[in-house]
Amino acid sequence: MRTREEYQFKVSAAGRVNLIGEHVDYCGGKVLPCALSLKCTVYARPNGTDFINLAWTDLPDKIPLDIKNLNQYRTYKHAKYQAGCAYFWREAGHELKGCDLLIDCKVPFGSGLSSSAAIEVATLGALALVAGELPVPVELALLAQKAEHEFAGVNCGIMDQYASACGRSGHAMLLDCKTLECEQIPIDTGEYSLIIINTNKPHALVESKYNERREETETALSILKRKLDIECLADVRPFKLLEYRTGLPATIYRRAKHVVDECERVRQAVEAMKRGDMKKFGELLTESHKSLEQLYEVTGKELDSLAHAAWDHPACAGARMTGAGFGGCTVNLVKPAAVEDFKRKVCDRYKQETGYDATCYDVKIGDGLTYREI
Ligand code: GLA
């Protein structure tokens, strides 16, 4: 394998943590993610062939992708992400050039911190540079989302790819997923630290459960559209949903109620953050988790165990699952002086309740897409 210095470009894209606004991006809602300093880095150089040669720093596999037939890689466990990116890069009218890519992903895989978005955005950035173009972050995010839909089989929203590409160090992004308008909000958690805790539960059935939830929200929307002048579920205010409750099957109502209430919580959370009221912000995080647990049903035993243990700790202002759910991570707002005690107590209780060892990370907010010539 080549040393990293033998490549021409170094491109990084970020993992993300979503502070609040969960399972609303595909309903046209607003979300509040931050890009993390955990990155996927892709080293790239043109190779003058019709192949994209893939290698990984932490996997033994070496996979040459034939750029004349990218569809054949849709079922590949790791290479499907790069194949999907290459496919949609060319489909968008760009030149796709043969190249060697070395992938070094430091975002823990399956952690719910968007390793796949980071891999896709960094890959697309590399393909752009190899083709002699400067990457345009929003375009890369949209192409990465297509790769995720078509090659990874997850009918995701735009939040992860957007945060991975467009994040800014020291800022949370208030992203309107209907219009893609984004307000970068300087993040100041005042007298609290943000801690991420990974359940380390191997992901199972995330894709199918995720796609099922998305379909349920689409069912809710199509029923409500018969009565209301709305484009997406995020357009519905909580009192309106209550008015039309009887027209919706019980499960569909609970899914819609989560979406509508969560959009309201995002509005309140941003106001609380702007006025420095982190206690209120924390309460909203906790409310969000309860709704994801009871109404949207995407948490599961492990995430609930971590969140409930966090709520019981006196130094915690609030905690919730982040990302798609069904495993992955929680995000916690904790007084700095008590962080070590918090981590120990929460992780010990989690181990007792589930048998898994959790991993804690202190949140460091980084930039989204970055690149340079080596
Ligand atoms: C996953 C998806 C996102 C979003 C979250 C839930 O991370 O990729 O688009 O829907 O789940 O908020």
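**Figure 1. L174 of the predicted model stands opposite E183 in β8.** The pairing belongs to strand β7 (residues 171–176) and β8, which run antiparallel over five bridges. Two strands count as paired if DSSP finds at least two bridges between them. Helices (H or I, at least four residues) and strands (E, at least two) are DSSP runs, numbered from the N terminus. This is a predicted model, in which local features need pLDDT of at least 70 and side-chain atom pairs count only at pLDDT 80 or more, while totals for chains, interfaces and linings use all residues. Residues are numbered from 1 along each chain as its sequence is written, and side-chain values use heavy atoms, with hydrogens and water left out.

**Figure 2. Three strands form an open sheet in the order β2-β7-β8.** The pairing is antiparallel. Strands of a sheet pair through backbone hydrogen bonds, either parallel or antiparallel. β2 (30–31) and β8 (182–186) stand at the edges. Each has a single partner strand, so one side of each lacks a neighbour in the sheet.

**Figure 3. Helices α4 and α7 lie across the sheet strands.** Helix α4 (residues 159–166) lies across β2, β7 and β8. Its direction is at about 140° to β7. Helix α7 (residues 250–274) also lies across β2, β7 and β8, but runs at about 40° to β8. Axes are lines fitted to C-alpha atoms, for helices over the stretch in contact, and angles run from 0 to 180 degrees between N-to-C directions. Contact means heavy atoms within 4.5 Å. α4 is mostly covered, with eight of its eight residues buried. Among them are M159, D160, Y162 and C166. Buried means under 20% relative accessible area, exposed over 50%, and partly exposed in between (1.4 Å probe, protein chains only).

**Figure 4. S114 sits in the loop between β6 (99–105) and α2 (115–130).** S114 has a relative accessible area of 6%, so this residue counts as buried. The side chain of S114 makes a polar contact with the side chain of R16 (3.3 Å). A polar contact is a pair of N or O atoms within 3.5 Å; within protein, one must be able to donate a hydrogen and the other to accept it, and residues adjacent in sequence count only if both atoms are side-chain atoms. Leaving aside residues up to four places away in sequence, S114 touches G15, R16, V107 and D160.

**Figure 5. A55 lies in strand β4 (residues 51–56).** A55 is buried because its relative accessible area is 8%. Residues up to four places away in sequence aside, A55 touches D61, K62, L101, L102 and I103. A55 and D100 are 45 residues apart in sequence, yet 8.0 Å apart in space, C-alpha to C-alpha.

**Figure 6. The structure holds zero disulfides.** A disulfide is a pair of cysteine sulfur atoms within 2.5 Å. C40 is in none; the nearest cysteine sulfur, that of C105, is 4.2 Å away. C40 is buried, at 0% relative accessibility. C347 is in no disulfide either; the nearest cysteine sulfur, that of C360, is 3.6 Å away. C347 is buried, with a relative accessible area of 14%.
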